[in-house]
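Okay, thanks for coming, everyone. I've got one structure to walk you through today, so let me put it up.

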Amino acid sequence: MLSKGIGTMAARSLSIVHVNAFKPKWVFSPLSFCSLASKPRKLVLYSKPGCCLCDGLKEKLHAAFSLSGPEPLHDVVLQVRDITSNPEWEKAYQYEIPVLAKVLSDGSEEILPRLSPRLGVELVHKKIAAAFKQ
């Protein structure tokens with residue numbers, strides 16, 4: 001019943017969803033291995049439509065979140081904010097985007113150091129993991 005994706009099973013946990021009483025269906029859920037008691041880690045990406053640097057960083061972040069390793073980022077939630085939808089954001093970040101911020105436990109945001117567009121996915125992963133350790 002297991003398919004070609006068996007290689008990725010080690011990196012992800014399994015949840016069972018009962019389609020009917022006799023045949024369980026396996027569903028891969030990247031968040032299901034996280035403790036329910038822990039809150040997901042959050043990042044905010046300030047960007048705007050048509051920004052190629054923003055789009056590139058967004059793609060690298062999603063790829064970095066799916067990497068497995070000693071410091072997984074599968075539980076990180078990325079919220080993308082369009083600065084053109086809020087005059088305060090636009091005034092603050094119009095010349096700086098993409099801007100990445102870590103959401104702290106009290107709900108405030110800490111702006112992270114700018115990530116070079118030349119960084120590979122593995123280095124982006126390491127830098128984000130290090131930011132969450134601080």
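Let's start with a question: are cysteine 51 and cysteine 54 buried or exposed? Cysteine 51 is buried, and cysteine 54 is buried too. By buried I mean under 20% relative accessible area, with exposed being over 50% and partly exposed in between, using a 1.4 Å probe and protein chains only.

Before I go on, a word on what you're looking at. This is a predicted model, where local features need pLDDT of at least 70 and side-chain atom pairs count only at pLDDT 80 or more, while totals for chains, interfaces and linings use all residues. Residues are numbered from 1 along each chain as its sequence is written, and side-chain values use heavy atoms, with hydrogens and water left out.

Back to those cysteines. The structure has 1 disulfide, counted as a pair of cysteine sulfur atoms within 2.5 Å. The partners are cysteine 51 and cysteine 54, with 2.5 Å from S to S. The torsion about that S-S bond is about 75 degrees, so the disulfide is right-handed.

And what about cysteine 52? Its sulfur sits 6.0 Å from the closest cysteine sulfur, the one in cysteine 51, and that's too far for a bond. Cysteine 52 has 63% relative accessibility, so it counts as exposed.

Now the fold. The protein chain has 3 helices and 6 strands, and the pattern along the sequence is β-β-β-α-β-α-β-β-α. These are DSSP runs numbered from the N terminus: helices are H or I with at least four residues, strands are E with at least two.

There's an open sheet of 4 strands, in the order 4-3-5-6, with mixed pairing; two strands pair if DSSP finds at least two bridges between them. From one strand to the next, the twist averages 30 degrees. For angles, axes are lines fitted to C-alpha atoms, for helices over the stretch in contact, and the range is 0 to 180 degrees between N-to-C directions.

Strand 5, residues 99-103, pairs with strand 6 in the antiparallel sense over 3 bridges. There, valine 103 stands opposite glutamate 109 in strand 6.
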